[in-house]
Amino acid sequence: MLHVACDLGPVRAVTASVAATAHGCEAEFRLDGAMAGIVLPPAAPSERRDNLWQTTCFEIFWQPLGEKAYREFNLSPSGQWAAYDFDSFREGMRDAPVQAIAISCSHDAAGLVLHASIAADLPAPAQVALNAVVEHADGAKQYWALAFPPGRPEFHSEANRALIIER
């Protein structure tokens with residue numbers, strides 16, 4: 001769903017899926033809409049990079065059930081990524097250990113598909129959030145998530161973690 005504070009823009013819909021694997025997870029994100037109206041970061045080497053969320057980016061938040069700690073993944077259409085561990089809500093942020101993250105992204109005038117294979121320790125069962133930041137050509141941003149808490153868009157909120165994943 002699009003956050004209520006966001007203006008309608010070139011993207012009509014965002015869909016996402018995630019599945020636990022023996023070595024981590026597989027995720028897919030789709031944008032449907034006029035791709036000429038959004039900012040796509042240019043292709044770059046697949047490596048860890050901070051601040052990816054400042055432009056078009058997809059996110060996974062993974063929190064083992066009953067725990068306060070959680071992990072955040074930022075997945076850029078550029079192929080770059082970030083992974084952070086938190087002890088609790090926005091506390092104790094540090095780089096998360098990952099074995100590998102592989103991102104493939106394709107797009108045409110009507111949409112984009114990003115697929116990510118993540119090899120990392122991801123305990124299950126877990127509550128999971130799938131989010132998207134979409135930057136418009138004019139600099140405005142849309143925030144998409146499975147659910148939002150009241151108020152401004154806050155992807156770190158447990159209220160966003162509307163999926164339960166089991167192995």
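In this predicted model, the charged end of Arg161 is placed over the ring of Tyr70, 4.3 Å from the ring centre (a charge sits over a ring if NZ of Lys or CZ of Arg is within 6 Å of the ring centre and within 35 degrees of the ring normal). Local features need pLDDT of at least 70 and side-chain atom pairs count only at pLDDT 80 or more, whereas totals for chains, interfaces and linings use all residues. Residues are numbered from 1 along each chain as its sequence is written, and side-chain values use heavy atoms, with hydrogens and water left out.

Five aromatic pairs are found in a search of the whole structure (rings of Phe, Tyr and Trp, the last by its six-membered ring, with centres within 6.5 Å; stacked if the planes are under 30 degrees apart, edge-to-face if over 60, tilted otherwise). The ring centres of Phe61 and Tyr70 are 6.0 Å apart with the planes at 40°, so this pair is tilted. Tyr70 and Phe86 are stacked, at 4.9 Å centre to centre and 10° between the planes. Because Tyr70 belongs to strand β4 (residues 70-75) and Phe86 to strand β5 (residues 81-86), the pair ties together parts 16 residues apart in sequence (strands are DSSP runs of E, at least two residues, numbered from the N terminus). Phe61, Tyr70 and Phe86 form one aromatic cluster. Both Tyr70 and Phe86 are buried (under 20% relative accessible area, 1.4 Å probe, protein chains only).

Glu135, in strand β9 (residues 126-135), joins Thr55 through a side-chain polar contact of 2.5 Å (N or O atoms within 3.5 Å, one able to donate a hydrogen and the other to accept it; residues adjacent in sequence count only if both atoms are side-chain atoms).

Terms used. Helices (H or I, at least four residues) and strands (E, at least two) are DSSP runs, numbered from the N terminus. Buried means under 20% relative accessible area, exposed over 50%, partly exposed in between (1.4 Å probe, protein chains only).
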